[in-house]
Amino acid sequence: MSERLPGIRPQQTLWRRLDAASRTAFPAACTALLLLALAAPFRMPGQAQLQPAVALACVFFWSLFRPSSMSPPVVFALGLLLDLVSLQSPGVSVLVLLLVHGLAVRWRVLAGQGFLVVWLAFVLVAAGAALVAYVLSCGLMLRLLPVQSMLFQFGLAAGLYPALAWAFTLAHRGLANPEGA
Amino acid sequence: MIRLSIPVRQALSKLTLPVLIAAAFGLMLLGKADAILAERARMALADALAPLFATLAEPLATVQRATDEVHGLLELRADNARLREENENLRRWHAVALALDAENATLKANLRWIPDPAPSYTTARVVADAGGVYARAVLLSTGPNHGMTKGQIALDERGLVGRITELGTRSARVLLLTDMNSRIPVIMENSRARAMLLGTNGARPRLSFWPEGVQPVEGERIVTSAEAGAFPAGLPVGVVRYSASNVPEIETAARLDRLEVVRVFNYGLRGLVAPEVLARPEAVRPAEGRRR
(Lines give C-alpha, C1' and ligand atoms only; values in the text may rest on other atoms or scores of the structure.)
Protein backbone atom coordinates (compact mmCIF):
# COMPACT_ATOMS: atom_id res chain seq x y z
CA MET A 1 0.00 0.00 0.00
CA SER A 2 2.63 2.51 1.10
CA GLU A 3 4.50 2.54 -2.21
CA ARG A 4 1.50 4.21 -3.83
CA LEU A 5 1.58 7.21 -1.51
CA PRO A 6 3.63 10.16 -2.66
CA GLY A 7 6.70 11.07 -0.60
CA ILE A 8 10.41 10.55 -0.19
CA ARG A 9 11.51 7.19 1.17
CA PRO A 10 14.71 5.17 1.17
CA GLN A 11 15.45 2.81 -1.70
CA GLN A 12 13.92 -0.68 -1.40
CA THR A 13 16.96 -2.92 -1.05
CA LEU A 14 16.72 -6.65 -0.43
CA TRP A 15 17.59 -6.33 3.26
CA ARG A 16 15.03 -3.60 3.73
CA ARG A 17 12.36 -5.78 2.13
CA LEU A 18 13.34 -8.76 4.31
CA ASP A 19 13.24 -6.55 7.40
CA ALA A 20 9.79 -5.24 6.52
CA ALA A 21 8.52 -8.75 5.75
CA SER A 22 9.75 -10.16 9.06
CA ARG A 23 8.17 -7.27 10.95
CA THR A 24 4.88 -7.91 9.15
CA ALA A 25 5.04 -11.64 9.84
CA PHE A 26 5.98 -11.18 13.52
CA PRO A 27 2.46 -11.52 15.05
CA ALA A 28 1.59 -14.77 13.27
CA ALA A 29 5.05 -16.31 13.67
CA CYS A 30 5.19 -15.38 17.34
CA THR A 31 1.76 -16.94 17.99
CA ALA A 32 2.68 -20.15 16.14
CA LEU A 33 5.97 -20.44 18.03
CA LEU A 34 4.23 -19.89 21.38
CA LEU A 35 1.74 -22.66 20.55
CA LEU A 36 4.51 -25.09 19.56
CA ALA A 37 6.55 -24.19 22.64
CA LEU A 38 3.56 -24.84 24.89
CA ALA A 39 3.26 -28.34 23.40
CA ALA A 40 6.80 -29.11 24.67
CA PRO A 41 7.18 -31.13 27.86
CA PHE A 42 7.64 -28.39 30.49
CA ARG A 43 5.39 -30.27 32.94
CA MET A 44 3.80 -26.99 33.96
CA PRO A 45 0.48 -27.34 35.76
CA GLY A 46 -2.34 -26.30 33.44
CA GLN A 47 -0.18 -26.37 30.34
CA ALA A 48 -3.02 -27.88 28.31
CA GLN A 49 -5.33 -24.98 29.11
CA LEU A 50 -2.57 -22.47 28.43
CA GLN A 51 -2.50 -23.18 24.68
CA PRO A 52 -6.03 -22.00 23.80
CA ALA A 53 -5.72 -19.10 26.25
CA VAL A 54 -2.52 -17.83 24.64
CA ALA A 55 -3.89 -18.29 21.12
CA LEU A 56 -7.01 -16.34 22.06
CA ALA A 57 -5.04 -13.44 23.56
CA CYS A 58 -2.65 -13.29 20.57
CA VAL A 59 -5.39 -13.34 17.94
CA PHE A 60 -7.46 -10.76 19.82
CA PHE A 61 -4.57 -8.35 20.40
CA TRP A 62 -3.15 -8.42 16.89
CA SER A 63 -6.58 -8.40 15.19
CA LEU A 64 -7.41 -5.29 17.16
CA PHE A 65 -4.16 -3.38 16.81
CA ARG A 66 -2.76 -4.66 13.52
CA PRO A 67 -5.39 -6.45 11.42
CA SER A 68 -3.13 -6.33 8.35
CA SER A 69 -0.75 -8.85 10.01
CA MET A 70 -3.53 -11.03 11.43
CA SER A 71 -5.72 -11.62 8.38
CA PRO A 72 -8.50 -14.27 8.34
CA PRO A 73 -6.38 -16.88 6.46
CA VAL A 74 -3.61 -16.50 9.06
CA VAL A 75 -6.16 -16.94 11.86
CA PHE A 76 -7.49 -20.03 10.08
CA ALA A 77 -4.00 -21.55 9.91
CA LEU A 78 -3.31 -20.76 13.59
CA GLY A 79 -6.62 -22.35 14.59
CA LEU A 80 -5.73 -25.47 12.63
CA LEU A 81 -2.35 -25.65 14.36
CA LEU A 82 -4.01 -25.26 17.76
CA ASP A 83 -6.49 -28.03 16.94
CA LEU A 84 -3.69 -30.36 15.92
CA VAL A 85 -1.44 -29.77 18.94
CA SER A 86 -4.23 -29.73 21.53
CA LEU A 87 -6.10 -32.92 20.50
CA GLN A 88 -9.25 -30.87 20.06
CA SER A 89 -11.88 -32.02 17.54
CA PRO A 90 -10.61 -30.43 14.30
CA GLY A 91 -12.35 -27.19 13.35
CA VAL A 92 -13.44 -26.09 16.83
CA SER A 93 -10.50 -23.78 17.57
CA VAL A 94 -10.53 -22.59 13.96
CA LEU A 95 -14.11 -21.41 14.32
CA VAL A 96 -13.59 -19.86 17.76
CA LEU A 97 -10.49 -17.93 16.68
CA LEU A 98 -12.18 -16.72 13.46
CA LEU A 99 -15.16 -15.45 15.48
CA VAL A 100 -12.83 -13.65 17.89
CA HIS A 101 -10.96 -12.14 14.96
CA GLY A 102 -14.23 -10.96 13.38
CA LEU A 103 -15.33 -9.32 16.62
CA ALA A 104 -11.97 -7.64 17.22
CA VAL A 105 -11.85 -6.23 13.69
CA ARG A 106 -15.39 -4.91 14.03
CA TRP A 107 -14.59 -3.27 17.39
CA ARG A 108 -11.68 -1.22 16.12
CA VAL A 109 -13.00 1.72 18.18
CA LEU A 110 -11.51 -0.10 21.16
CA ALA A 111 -7.99 0.41 19.83
CA GLY A 112 -8.18 4.06 20.83
CA GLN A 113 -9.46 3.33 24.34
CA GLY A 114 -7.46 2.78 27.52
CA PHE A 115 -6.04 -0.55 28.53
CA LEU A 116 -8.75 -1.36 31.08
CA VAL A 117 -11.54 -1.04 28.51
CA VAL A 118 -9.70 -3.34 26.10
CA TRP A 119 -9.10 -5.85 28.87
CA LEU A 120 -12.77 -5.82 29.85
CA ALA A 121 -13.74 -6.40 26.22
CA PHE A 122 -11.27 -9.27 26.06
CA VAL A 123 -12.72 -10.85 29.21
CA LEU A 124 -16.16 -10.82 27.56
CA VAL A 125 -14.74 -12.26 24.34
CA ALA A 126 -12.84 -14.97 26.24
CA ALA A 127 -15.99 -15.97 28.13
CA GLY A 128 -17.89 -16.27 24.86
CA ALA A 129 -15.05 -18.19 23.23
CA ALA A 130 -14.77 -20.69 26.11
CA LEU A 131 -18.53 -21.25 25.99
CA VAL A 132 -18.58 -21.77 22.20
CA ALA A 133 -15.62 -24.17 22.37
CA TYR A 134 -17.27 -26.11 25.20
CA VAL A 135 -20.62 -26.42 23.45
CA LEU A 136 -19.02 -27.44 20.15
CA SER A 137 -16.76 -30.03 21.82
CA CYS A 138 -19.72 -31.51 23.70
CA GLY A 139 -21.73 -31.60 20.48
CA LEU A 140 -18.95 -33.24 18.47
CA MET A 141 -18.13 -35.83 21.12
CA LEU A 142 -21.83 -36.41 21.86
CA ARG A 143 -21.38 -36.28 25.60
CA LEU A 144 -21.24 -33.77 28.45
CA LEU A 145 -17.65 -32.80 29.28
CA PRO A 146 -16.56 -31.53 32.69
CA VAL A 147 -17.19 -27.78 33.04
CA GLN A 148 -14.10 -27.10 35.19
CA SER A 149 -11.62 -27.10 32.33
CA MET A 150 -13.75 -24.54 30.45
CA LEU A 151 -13.88 -22.23 33.48
CA PHE A 152 -10.17 -22.68 34.14
CA GLN A 153 -9.33 -21.92 30.53
CA PHE A 154 -11.44 -18.76 30.64
CA GLY A 155 -9.83 -17.60 33.89
CA LEU A 156 -6.38 -18.29 32.53
CA ALA A 157 -7.06 -16.33 29.34
CA ALA A 158 -8.49 -13.35 31.24
CA GLY A 159 -5.63 -13.31 33.74
CA LEU A 160 -2.88 -13.85 31.20
CA TYR A 161 -3.99 -11.08 28.83
CA PRO A 162 -2.38 -8.10 30.65
CA ALA A 163 1.07 -9.72 30.65
CA LEU A 164 0.86 -10.75 26.99
CA ALA A 165 -0.61 -7.39 25.99
CA TRP A 166 2.26 -5.58 27.71
CA ALA A 167 4.86 -7.60 25.79
CA PHE A 168 2.95 -7.28 22.52
CA THR A 169 2.52 -3.52 22.92
CA LEU A 170 6.29 -3.17 23.23
CA ALA A 171 6.75 -5.35 20.15
CA HIS A 172 4.03 -3.48 18.29
CA ARG A 173 5.77 -0.14 18.82
CA GLY A 174 9.35 -1.28 18.32
CA LEU A 175 10.46 -4.69 17.14
CA ALA A 176 7.52 -5.53 14.90
CA ASN A 177 6.61 -2.10 13.59
CA PRO A 178 6.73 -2.13 9.76
CA GLU A 179 7.09 1.67 9.77
CA GLY A 180 10.44 1.25 11.49
CA ALA A 181 11.92 -0.84 8.69
CA MET B 1 -0.06 -9.97 -8.30
CA ILE B 2 -3.35 -9.63 -10.14
CA ARG B 3 -4.58 -6.05 -10.49
CA LEU B 4 -8.19 -5.76 -9.35
CA SER B 5 -10.36 -2.67 -9.15
CA ILE B 6 -10.77 -1.26 -5.65
CA PRO B 7 -14.51 -2.17 -5.19
CA VAL B 8 -13.85 -5.77 -6.24
CA ARG B 9 -10.93 -6.00 -3.86
CA GLN B 10 -13.00 -4.60 -1.00
CA ALA B 11 -15.82 -7.03 -1.72
CA LEU B 12 -13.34 -9.93 -1.76
CA SER B 13 -11.77 -8.92 1.54
CA LYS B 14 -15.21 -8.69 3.12
CA LEU B 15 -16.02 -12.20 1.86
CA THR B 16 -12.88 -13.90 3.25
CA LEU B 17 -14.07 -14.15 6.86
CA PRO B 18 -17.53 -15.68 6.14
CA VAL B 19 -16.00 -18.13 3.67
CA LEU B 20 -13.36 -19.21 6.21
CA ILE B 21 -16.00 -19.59 8.95
CA ALA B 22 -17.94 -21.84 6.60
CA ALA B 23 -14.70 -23.74 5.97
CA ALA B 24 -14.28 -24.20 9.74
CA PHE B 25 -17.72 -25.84 9.89
CA GLY B 26 -16.71 -27.97 6.91
CA LEU B 27 -13.57 -28.98 8.78
CA MET B 28 -15.65 -30.04 11.78
CA LEU B 29 -17.88 -32.17 9.57
CA LEU B 30 -14.85 -33.65 7.82
CA GLY B 31 -13.22 -34.46 11.17
CA LYS B 32 -16.43 -36.13 12.32
CA ALA B 33 -16.94 -38.08 9.09
CA ASP B 34 -13.32 -39.21 8.67
CA ALA B 35 -11.54 -39.50 12.01
CA ILE B 36 -8.57 -41.21 10.36
CA LEU B 37 -7.73 -38.11 8.32
CA ALA B 38 -7.46 -35.92 11.42
CA GLU B 39 -5.44 -38.61 13.14
CA ARG B 40 -3.05 -38.80 10.20
CA ALA B 41 -2.55 -35.02 10.09
CA ARG B 42 -1.94 -34.99 13.84
CA MET B 43 0.63 -37.79 13.66
CA ALA B 44 2.42 -36.08 10.76
CA LEU B 45 2.81 -32.97 12.92
CA ALA B 46 3.85 -35.10 15.91
CA ASP B 47 6.43 -36.91 13.76
CA ALA B 48 7.91 -33.58 12.74
CA LEU B 49 7.97 -32.25 16.31
CA ALA B 50 9.09 -35.40 18.15
CA PRO B 51 12.87 -35.00 17.48
CA LEU B 52 12.64 -31.34 18.52
CA PHE B 53 10.88 -32.19 21.76
CA ALA B 54 13.29 -35.05 22.39
CA THR B 55 16.26 -32.66 22.27
CA LEU B 56 14.37 -30.23 24.50
CA ALA B 57 13.47 -32.95 26.99
CA GLU B 58 17.11 -33.49 28.01
CA PRO B 59 17.86 -29.99 29.44
CA LEU B 60 14.35 -29.74 30.87
CA ALA B 61 14.86 -33.02 32.72
CA THR B 62 18.12 -31.65 34.16
CA VAL B 63 16.31 -28.61 35.56
CA GLN B 64 13.57 -30.86 36.93
CA ARG B 65 16.15 -33.10 38.60
CA ALA B 66 17.88 -30.11 40.19
CA THR B 67 14.67 -28.81 41.75
CA ASP B 68 13.74 -32.31 42.90
CA GLU B 69 17.17 -32.59 44.51
CA VAL B 70 16.62 -29.40 46.51
CA HIS B 71 13.19 -30.61 47.62
CA GLY B 72 14.69 -33.96 48.57
CA LEU B 73 17.38 -32.35 50.72
CA LEU B 74 14.77 -30.31 52.57
CA GLU B 75 12.68 -33.37 53.39
CA LEU B 76 15.56 -35.70 54.22
CA ARG B 77 14.81 -36.14 57.93
CA ALA B 78 11.12 -36.95 57.58
CA ASP B 79 11.90 -39.29 54.69
CA ASN B 80 14.46 -41.13 56.76
CA ALA B 81 12.05 -41.83 59.60
CA ARG B 82 9.35 -42.93 57.16
CA LEU B 83 11.72 -45.22 55.30
CA ARG B 84 12.94 -46.88 58.50
CA GLU B 85 9.36 -47.71 59.42
CA GLU B 86 8.57 -48.89 55.91
CA ASN B 87 11.69 -51.04 55.85
CA GLU B 88 10.61 -52.77 59.03
CA ASN B 89 7.25 -53.48 57.50
CA LEU B 90 8.72 -54.72 54.23
CA ARG B 91 11.10 -57.09 55.98
CA ARG B 92 8.09 -58.92 57.40
CA TRP B 93 6.45 -59.02 53.98
CA HIS B 94 9.67 -60.26 52.43
CA ALA B 95 9.60 -63.32 54.65
CA VAL B 96 5.97 -63.96 53.76
CA ALA B 97 6.74 -63.57 50.05
CA LEU B 98 9.64 -66.01 50.16
CA ALA B 99 7.49 -68.60 51.91
CA LEU B 100 4.66 -68.13 49.40
CA ASP B 101 7.09 -68.29 46.49
CA ALA B 102 8.48 -71.62 47.65
CA GLU B 103 4.98 -72.97 48.20
CA ASN B 104 3.93 -71.74 44.76
CA ALA B 105 6.90 -73.43 43.11
CA THR B 106 6.11 -76.81 44.68
CA LEU B 107 2.42 -76.54 43.81
CA LYS B 108 3.22 -75.63 40.20
CA ALA B 109 5.64 -78.53 39.96
CA ASN B 110 2.87 -80.85 41.09
CA LEU B 111 0.32 -79.41 38.64
CA ARG B 112 2.48 -79.46 35.47
CA TRP B 113 1.80 -75.71 35.09
CA ILE B 114 2.81 -74.24 31.72
CA PRO B 115 4.16 -70.74 32.41
CA ASP B 116 3.02 -67.73 30.33
CA PRO B 117 5.56 -66.71 27.68
CA ALA B 118 7.56 -63.64 28.68
CA PRO B 119 6.26 -60.67 26.68
CA SER B 120 8.66 -58.60 24.60
CA TYR B 121 8.79 -54.88 25.21
CA THR B 122 10.20 -51.66 23.82
CA THR B 123 11.25 -48.80 26.04
CA ALA B 124 10.46 -45.29 24.84
CA ARG B 125 10.92 -41.79 26.18
CA VAL B 126 7.88 -39.59 26.79
CA VAL B 127 8.59 -36.38 24.90
CA ALA B 128 5.38 -34.41 25.37
CA ASP B 129 2.21 -34.40 27.39
CA ALA B 130 0.15 -34.20 24.24
CA GLY B 131 -3.09 -33.86 26.12
CA GLY B 132 -5.36 -30.93 25.44
CA VAL B 133 -8.18 -29.39 27.45
CA TYR B 134 -10.47 -32.29 26.59
CA ALA B 135 -8.02 -35.19 26.35
CA ARG B 136 -5.29 -37.02 28.29
CA ALA B 137 -2.50 -38.56 26.22
CA VAL B 138 1.29 -38.57 25.96
CA LEU B 139 3.57 -38.62 22.95
CA LEU B 140 6.40 -41.18 22.79
CA SER B 141 9.51 -40.64 20.73
CA THR B 142 10.45 -43.93 19.10
CA GLY B 143 13.09 -44.62 16.54
CA PRO B 144 12.11 -45.63 13.03
CA ASN B 145 11.24 -49.37 12.72
CA HIS B 146 9.97 -49.47 16.30
CA GLY B 147 7.64 -52.39 15.61
CA MET B 148 4.86 -51.10 17.84
CA THR B 149 1.25 -51.69 16.89
CA LYS B 150 -2.01 -50.16 18.02
CA GLY B 151 -3.42 -51.59 21.22
CA GLN B 152 -0.07 -52.47 22.79
CA ILE B 153 0.12 -51.73 26.48
CA ALA B 154 2.25 -49.06 28.10
CA LEU B 155 3.50 -49.48 31.68
CA ASP B 156 5.79 -47.32 33.75
CA GLU B 157 7.89 -48.76 36.58
CA ARG B 158 4.88 -48.88 38.91
CA GLY B 159 1.83 -49.84 36.88
CA LEU B 160 -0.48 -49.45 33.92
CA VAL B 161 -0.26 -46.20 31.94
CA GLY B 162 -2.51 -46.78 28.95
CA ARG B 163 -2.70 -48.12 25.44
CA ILE B 164 -1.19 -47.08 22.11
CA THR B 165 -3.88 -45.47 20.00
CA GLU B 166 -2.03 -43.66 17.22
CA LEU B 167 1.19 -44.50 15.45
CA GLY B 168 3.53 -42.39 13.35
CA THR B 169 6.78 -43.45 11.78
CA ARG B 170 8.89 -42.13 14.68
CA SER B 171 6.33 -41.33 17.33
CA ALA B 172 3.42 -43.00 19.05
CA ARG B 173 0.56 -41.66 21.13
CA VAL B 174 -0.53 -43.38 24.33
CA LEU B 175 -4.08 -42.80 25.53
CA LEU B 176 -3.77 -42.55 29.31
CA LEU B 177 -6.18 -44.47 31.48
CA THR B 178 -7.44 -41.14 32.86
CA ASP B 179 -8.74 -40.01 29.45
CA MET B 180 -12.47 -39.70 28.99
CA ASN B 181 -12.40 -42.30 26.19
CA SER B 182 -10.50 -44.91 28.20
CA ARG B 183 -12.38 -48.04 29.32
CA ILE B 184 -10.39 -50.76 31.05
CA PRO B 185 -11.69 -54.10 32.34
CA VAL B 186 -10.36 -54.64 35.88
CA ILE B 187 -10.59 -57.05 38.79
CA MET B 188 -10.72 -56.08 42.46
CA GLU B 189 -7.96 -58.10 44.04
CA ASN B 190 -9.65 -59.16 47.30
CA SER B 191 -13.18 -59.92 46.12
CA ARG B 192 -12.10 -61.07 42.61
CA ALA B 193 -15.14 -59.16 41.29
CA ARG B 194 -14.94 -57.70 37.80
CA ALA B 195 -15.55 -54.03 37.08
CA MET B 196 -14.83 -51.33 34.50
CA LEU B 197 -12.49 -48.39 34.98
CA LEU B 198 -13.82 -45.25 33.28
CA GLY B 199 -11.55 -42.28 32.61
CA THR B 200 -12.94 -38.86 33.51
CA ASN B 201 -10.13 -36.54 32.32
CA GLY B 202 -9.49 -35.94 36.03
CA ALA B 203 -6.52 -37.33 37.96
CA ARG B 204 -8.53 -40.28 39.28
CA PRO B 205 -10.58 -42.55 36.98
CA ARG B 206 -13.88 -43.89 38.26
CA LEU B 207 -14.77 -47.49 39.04
CA SER B 208 -18.14 -48.73 37.82
CA PHE B 209 -20.24 -51.75 36.78
CA TRP B 210 -19.15 -53.98 39.66
CA PRO B 211 -21.53 -56.88 40.32
CA GLU B 212 -24.31 -56.71 42.85
CA GLY B 213 -23.44 -57.79 46.37
CA VAL B 214 -19.83 -56.64 46.15
CA GLN B 215 -18.60 -53.26 47.31
CA PRO B 216 -15.15 -51.88 46.47
CA VAL B 217 -13.20 -51.47 49.69
CA GLU B 218 -11.11 -48.40 50.43
CA GLY B 219 -7.45 -49.23 49.77
CA GLU B 220 -8.21 -52.41 47.78
CA ARG B 221 -5.79 -53.12 44.96
CA ILE B 222 -7.14 -53.09 41.41
CA VAL B 223 -5.52 -55.11 38.61
CA THR B 224 -6.39 -55.59 34.94
CA SER B 225 -8.63 -58.42 33.87
CA ALA B 226 -8.11 -60.60 30.79
CA GLU B 227 -11.79 -60.18 29.91
CA ALA B 228 -12.27 -59.60 26.14
CA GLY B 229 -8.58 -60.21 25.51
CA ALA B 230 -7.57 -56.56 25.48
CA PHE B 231 -5.24 -56.79 28.48
CA PRO B 232 -3.33 -59.59 30.20
CA ALA B 233 -4.59 -60.41 33.67
CA GLY B 234 -2.97 -58.99 36.76
CA LEU B 235 -1.24 -55.77 35.71
CA PRO B 236 -1.31 -53.35 38.66
CA VAL B 237 -3.64 -50.39 38.01
CA GLY B 238 -4.04 -48.71 41.39
CA VAL B 239 -5.93 -48.71 44.68
CA VAL B 240 -9.52 -47.75 45.50
CA ARG B 241 -10.08 -44.35 47.11
CA TYR B 242 -13.54 -43.02 47.89
CA SER B 243 -14.11 -39.42 46.81
CA ALA B 244 -15.86 -36.80 48.94
CA SER B 245 -19.15 -37.62 47.21
CA ASN B 246 -18.69 -41.33 48.04
CA VAL B 247 -17.77 -42.48 44.53
CA PRO B 248 -15.10 -45.18 44.29
CA GLU B 249 -12.17 -43.80 42.34
CA ILE B 250 -8.74 -45.21 41.57
CA GLU B 251 -5.49 -43.70 42.71
CA THR B 252 -3.32 -44.87 39.83
CA ALA B 253 -0.19 -46.85 40.60
CA ALA B 254 1.60 -45.26 37.63
CA ARG B 255 2.72 -41.68 38.14
CA LEU B 256 0.78 -40.27 35.20
CA ASP B 257 1.61 -36.64 35.95
CA ARG B 258 5.37 -37.21 35.74
CA LEU B 259 5.92 -39.86 33.09
CA GLU B 260 9.44 -39.94 31.71
CA VAL B 261 10.06 -43.40 30.31
CA VAL B 262 7.47 -46.06 29.58
CA ARG B 263 7.76 -49.65 28.45
CA VAL B 264 5.44 -50.73 25.66
CA PHE B 265 4.62 -54.43 25.94
CA ASN B 266 3.60 -56.75 23.17
CA TYR B 267 1.43 -59.42 24.78
CA GLY B 268 0.29 -60.68 21.38
CA LEU B 269 -3.32 -59.92 22.29
CA ARG B 270 -5.90 -59.65 19.54
CA GLY B 271 -8.84 -58.58 21.65
CA LEU B 272 -10.78 -55.39 21.08
CA VAL B 273 -7.98 -53.58 19.32
CA ALA B 274 -6.94 -52.70 15.80
CA PRO B 275 -10.13 -52.98 13.77
CA GLU B 276 -8.01 -52.32 10.64
CA VAL B 277 -6.65 -55.85 10.68
CA LEU B 278 -10.12 -57.29 10.25
CA ALA B 279 -10.83 -58.63 6.81
CA ARG B 280 -13.77 -56.26 6.25
CA PRO B 281 -12.40 -52.76 5.48
CA GLU B 282 -15.85 -51.18 5.88
CA ALA B 283 -15.75 -52.15 9.53
CA VAL B 284 -12.92 -49.67 10.09
CA ARG B 285 -14.89 -46.48 9.73
CA PRO B 286 -17.62 -46.81 12.39
CA ALA B 287 -15.24 -48.25 14.93
CA GLU B 288 -12.76 -45.41 14.42
CA GLY B 289 -15.46 -42.77 14.40
CA ARG B 290 -16.93 -43.84 17.67
CA ARG B 291 -13.67 -43.52 19.52
CA ARG B 292 -13.25 -39.77 19.05
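**Ground rules**

I'm working from a predicted model, where local features need pLDDT of at least 70, side-chain atom pairs count only at pLDDT 80 or more, and totals for chains, interfaces and linings use all residues. Residues are numbered from 1 along each chain as its sequence is written, while chains are lettered from A and ligands numbered from 1 in the order in which they are written.

**Entry 1: chain A, the overview**

I started by listing the elements. Helices (H or I, at least four residues) and strands (E, at least two) are DSSP runs, numbered from the N terminus.

Next I looked up the radius of gyration, which is taken over C-alpha atoms; the globule rule is 2.2 Å times the number of residues to the power 0.38. For 181 residues a compact globule would be near 16 Å, and chain A has 17 Å, which agrees. The C-alpha trace of chain A spans about 60 × 35 × 25 Å along its principal axes.

**Entry 2**

Two packed helices are described by the angle between their axes and the distance between the axes. Axes are lines fitted to C-alpha atoms, for helices over the stretch in contact, and angles run from 0 to 180 degrees between N-to-C directions.

I took α2(A) (residues 47-65) and α4(A) (residues 92-106) to begin with: they pack at about 30 degrees, with axes 8 Å apart. That makes α2(A) roughly parallel to α4(A). My cut-offs: under 35 degrees is roughly parallel, over 145 roughly antiparallel, 65 to 115 roughly perpendicular, and the rest oblique. The crossing of α2(A) and α4(A) is right-handed; a crossing is left-handed if the near helix is turned anticlockwise from the far one by less than a right angle, and right-handed if clockwise.

Then I checked who touches whom. Two residues are in contact if their C-beta atoms, placed from the backbone, lie within 7 Å. On the α2(A) side I noted, among others, Leu56(A), Val59(A) and Phe60(A), and they meet α4(A) residues including Leu97(A), Val100(A) and His101(A). By class, this contact of α2(A) with α4(A) has 10 nonpolar, three polar and no charged residues. For the classes, Ala, Val, Leu, Ile, Met, Phe, Trp, Tyr, Cys and Pro count as nonpolar, Asp, Glu, Lys and Arg as charged, and the others, Gly among them, as polar.

On to α5(A) (residues 115-141) and α6(A) (residues 148-173), which pack at about 155 degrees with axes 9 Å apart. That makes α5(A) roughly antiparallel to α6(A). The crossing of α5(A) and α6(A) is right-handed. Contact residues include Trp119(A), Phe122(A) and Tyr134(A) of α5(A), along with Met150(A), Phe154(A) and Tyr161(A) of α6(A). I sorted the contact of α5(A) with α6(A) by class and got 13 nonpolar, one polar and no charged residues.

**Entry 3: chain B, the overview**

Chain B has four helices and 12 strands. A compact globule of 292 residues would have a radius of gyration near 19 Å, but chain B has 24 Å. I noted the span of its C-alpha trace along the principal axes as about 90 × 55 × 45 Å.

**Entry 4: the barrel in chain B**

In chain B, six strands close into a barrel in the order β1-β2-β5-β4-β3-β12, with antiparallel pairing. The twist averages 45 degrees from one strand to the next. Two strands pair if DSSP finds at least two bridges between them.

I followed β4(B) along its neighbours. Three bridges join β3(B) (residues 153-155) to β4(B), and a hairpin links the two through four residues. β4(B) (residues 160-167) is joined to β5(B) (residues 171-176) by five bridges; this hairpin has three residues between its strands. Gly162(B) is a handy spot to look at: Ala154(B) stands opposite Gly162(B), and in β5(B) the bridge partner of Gly162(B) is Leu176(B). Ile164(B) stands opposite Val174(B).

What lies across β1, β2, β4 and β5 of chain B? I found helix α2(B) (residues 35-74) there, running at about 80 degrees to β1(B).

**Entry 5: where the chains meet**

The contact takes 34 residues from chain B and 31 residues from chain A. On the chain B side, α1(B) gives the largest share, 11 residues. By class, that side has 23 nonpolar, six polar and five charged residues.
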